[in-house]
Structure formats: structure tokens, C-alpha cells
Amino acid sequence: MSESKMKKKKHSCSIRGELYILVAYAVVFYVFIIRRSLQISNDHYKKLYVLRPGWLSNFLYDVSDAQWRNFRSNIPILSVVFGVFATLANSLRAVFHFRAKGMSILWLCLSLVYLFYLHGACVIFILSIASLNFLLVKVFARTNYFPFLLWGFNIFFLICNRVYEGYSFSLFGQRWSYLDNFRGTFRWHICFNFVILRMISFGYDYFLAHQDSRFDHEERSVIESFTFIAYLCYLVYAPLYIAGPIISFNAFVSQLDVPQSNYSRRDVVWYGLRWVFSLFLMELMTHLFYYNAFAISGIWKLLSPLDVFIIGYGVLNFMWLKFFLIWRYFRFWSLICGIETWENMPRCLNNCHNLETFWKNWHASFNKWLVRYMYIPLGGSQRKLLNVWPIFTFVALWHDLEWKLLSWAWLTCLFFIPEMVVKSAANTFEAESAFGEFIFRELSALAGAITITCLMIANLVGYVIGPSGANWLMSQFLTREGLPVLGGMFMSFYVGTKLMFHIQDAKQRRQ
């Protein structure tokens, strides 16, 4: 056997040996996390006031997250409504051979029925703001300053809707105040955040249609497709109205004309079955581990640093699975109706070792929307270090008007800067020997562990503990009891990052 083959075989054996050690560590880590989580939940469940009797015998159910609680309780009625809508839409398309115009009218009628149930008389606010936006687009889209008008108009209403909490009809005169008794079952201004994104998409796509070519011509719709009916249908399309995923106007209209063909019926059925299995996993999590209940009640502040880490890690996994289920549910119904959107959670939370990968795979359709309508117009990669600040500030404002979300946004930007600098330097580095490659891989794993730690801190600050809780969190981990936990946490993230490298290598070998 030649010397080169011997070296290659030896290298392959060392990689396999490393992989076995990493997998063994990961198994021990998760067994410990699961056992400790069960013990924490069992020891403190009497102090958690947000638990209710569940369907799993002898276990309580964590109902502390209002978003998940409302979605879960409405799954039956939503499934009936979307089942009826999908049957009607697909049947009428097949019988009358509807194309874009016919499907726009049909889906607008179905969606308005849905909206009147959700928001009652407040549909007037939605249609009024939408109509003003359409008028603004049609009048000013040919001007060079149109993007500023479009963004200014939409950010103005984004903020006003929250400040005035969806407005009261009595603001416009006492004779209209009786309409406040018919505000529906769901606050319209919460859903309207997604409508804002669609209004900007429509306006910018129309603006670009009048400019020199900047995007793929195949994605463009002809200007004649930018009608008021198609626009309203796009804004309130029932399967995607409440939570997305987000889709551009051009992509939406093209699929009204010709339904998506990337997913066969068998693929869609399998997609739905995988969703049901994921729902079962969520049911197990919320019956066995009360991560979010600890975070909401504030009892996590009474726990040891080790238990605080476990609760924080559990909360982030709960959040990921919650959004995974919500977004995939609505995407599933959209696929049945012939409209394919981006997958919002294409990669697991625990398989992201840098900020860029994380944000490309967490609410991915929003990420693509931001790239198309903010990042590229602001200068793209040429101004990357500057662009992240207005982009993440907008993301924070879009979610809600809270200081903790702005803190999350700016913390993320701060963490982005060193990653981008290191990444730029790494791209120019070439290992000249096996030892150099080994050192580079180890440094990359350490950088990944640091990034995961920063992601945990930023997301916990933004969505759980707030800016004031960050100081407390750091003070706990910088004690004699907390430092070993911090070291173990960092070691676990280092091992996790190296496992991600092995997964990437395996994918590359298959290609």
C-alpha cells in the first residue's frame, strides 16, 4: 500500500474515532439534560401556576405560552375551515379552469369570510390602510423617491397600530362607537404585521417592474398582474394570513395562475404526517418538561446555575418547536391549495453554529424577504457591517414595541460584527498541512461554541428575561458554583459544533 493511501486510511480512522467520541458525549449530555429536566419539573411543579391537567396520565400540561395555547386549542376549527376552503378552491379551479384572475376573486371572497370571523368590523381598518397603500404605489411607483415613501408609510402604520392598539371606532366619532362591540375574536393589528410585509412586497415588486432588471426575470410578473383584486387577495390569503410563511407578490400571483408542482400529492401527505409526529413531540415536551412555565413565573431565578442553563436551553428548543409547528401547519394548507412558500424552519436549532446560518434557518421566509427588500437595496454585502443595524432594528420593531426586543436586536448586531470579521479572515486562509487543517478546524469549533453561547444570551434577553435579567444571568455564571457550569456548557457547545462539521462533511460526500 502506498504511503499516501496509508495516510488517508489513518486520517479516516482518526475521524471515525473522533466521531464516536463526539456521539457518545452527545448521548450522555442529552440523557443528563432529560433526567435533570424531569427532576426539576417534578420538584417545583407545585410552584408553577401555569400548569393544567393534561391528557397524559399523572402529568400536568404547560399552558404558559399564550401563542402556543391559542394555536393548539384552535387546531380543530382551523383544520375544518381550511379543509372546506381547500376543497372549494381546488374543486372550482378544476371545474371552471380558473387562472390567476378567477382564483384571485375566489380566494379574496373566501379570505374575507375568514377575516370577518377573526376581526369583525375591524376589517374596515385593514381594507382602508391597504387601499391607501395601493393608491400610493400606483401614483408614486415611477418616482425615484418611491422606496422612501413606501417604507415611511408602512412603518408609520406599523407603529401607530401598536401605540393605539388597533384603534377604537369611537376615535372617529361617537356615532361609530357601536362598532367596537364587533371587533371579532382576534386582534387585527397583531396579524397586520404580516400584511405590512406584503404591502411592502407588492409596492417594491411593482417599483422594480418599472426599473432596469435587478432580479431574475422568471420571478417577475407582468405589470398587468398588479391589480387591486390580486393585491387584496395576496394581503389576506387565508392559509398564510395569520402567521405566514412570507411569499413575494410575484411568486404568489404566478402560483395563482399555475399551481405549484414541486410537491406531489404524496409529498404533501407525507409533509402532513411529519407535522403530526412533531405535534406529538411537542405534547410530550409540554407534559414532561415545564421549561416555559419556569421562565414565565420567574422561578428560574431561584435555581442553581446548572438548572438555569437547562431551563434556558429548554426554552429555546420549545420556542423553535412551537414556531416550527405553527409555520408548517399553515404552509401545509397553502401547499394543498397550490401555493408553495419558503420553509420557515429548514434546519434544526441545534444544527446551527454561526449567526448567519442561524438567521437563514430561523423564520427563513422573513430572512429572504429582508434580503430582497432591505439588505440588497441598502447596498448588500458591500455594506454588510452597517446594514445589520437598520435591518435588525426593523425586525425588533416589527415584532413589538419593547425595549427588550431592541436590546436583542442590537446584541445580535454586536455579535455579528466579530463573526463577519473572523469569517472574512478565514475565507482567505488556506491550510498548507494536515496539522494546519486540524488547528483551523479546532479554532472554528471554538468560534462556533462562542457563537452558540452568544445566540443563547441574545435570544434569552430578547424573549425571556429582558435586559435587566442579563446582568443577573451573568452574575450567576461568574460565581464559584457557576464557572464550572459555564465551562461545561462551553464544552458541550464545542462538541456540538464539531458534530455539525461531521454532518456537513457527510452531506458533501453524498454530493
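In the predicted model, Tyr167 is buried, with a relative accessible area of 13%, a value that falls under the 20% limit for burial. Tyr167 is found in the loop between H5 and helix H6 (188–209), and its phi is near 65°, a positive value in a residue other than glycine. Most residues other than glycine have a negative phi, and most peptide bonds are trans. A second residue that is not a glycine, His97, likewise has a positive phi, of about 55°; His97 is found in the loop between H2 and H3. In contrast to the buried Tyr167, His97 is exposed, with a relative accessible area of 63%.

Two further backbone features involve glycine. The peptide bond from Gly244 to Pro245 is cis, with omega near 5°, and Pro245 lies in the loop between H8 and H9. Gly338, which comes just after H12, takes a positive phi of about 95°.

Helix H2, which covers residues 66–96, consists of 31 residues and reaches 42 Å from its first C-alpha to its last, close to the 45 Å expected at 1.5 Å a residue. Within H2, a kink of about 55° lies at Ile75, shortly before the proline Pro76. Ile75 is also one of the buried residues of H2, together with Trp68, Phe71, Leu78, Phe82, Phe85, Ala86, Ala89 and Arg93. An α-helix has 3.6 residues a turn, so residues three or four places apart point the same way. The cover over the buried residues of H2 includes strand S2 (60–62) and several helices, namely H3 (100–119), H8 (238–241), H9 (249–257), H10 (265–288) and H12 (305–336).

Helix H12, which is thus among the elements that cover the buried residues of H2, has 32 residues and reaches 47 Å from its first C-alpha to its last, close to the 46 Å expected at 1.5 Å a residue. Of the 32 residues of H12, 30 are buried, so this helix is largely enclosed by the rest of the structure.

The place of Ile159 is in helix H5, which covers residues 146–163.

Note on methods:
Residues are numbered from 1 along each chain as its sequence is written. This is a predicted model: local features need pLDDT of at least 70, side-chain atom pairs count only at pLDDT 80 or more; totals for chains, interfaces and linings use all residues. Side-chain values use heavy atoms; hydrogens and water are left out. Helices (H or I, at least four residues) and strands (E, at least two) are DSSP runs, numbered from the N terminus. The expected span of a helix is 1.5 Å times one less than its number of residues. The bend at a residue is the angle between axes fitted to the seven residues ending there and the seven starting there. Buried means under 20% relative accessible area, exposed over 50%, partly exposed in between (1.4 Å probe, protein chains only). Contact means heavy atoms within 4.5 Å.
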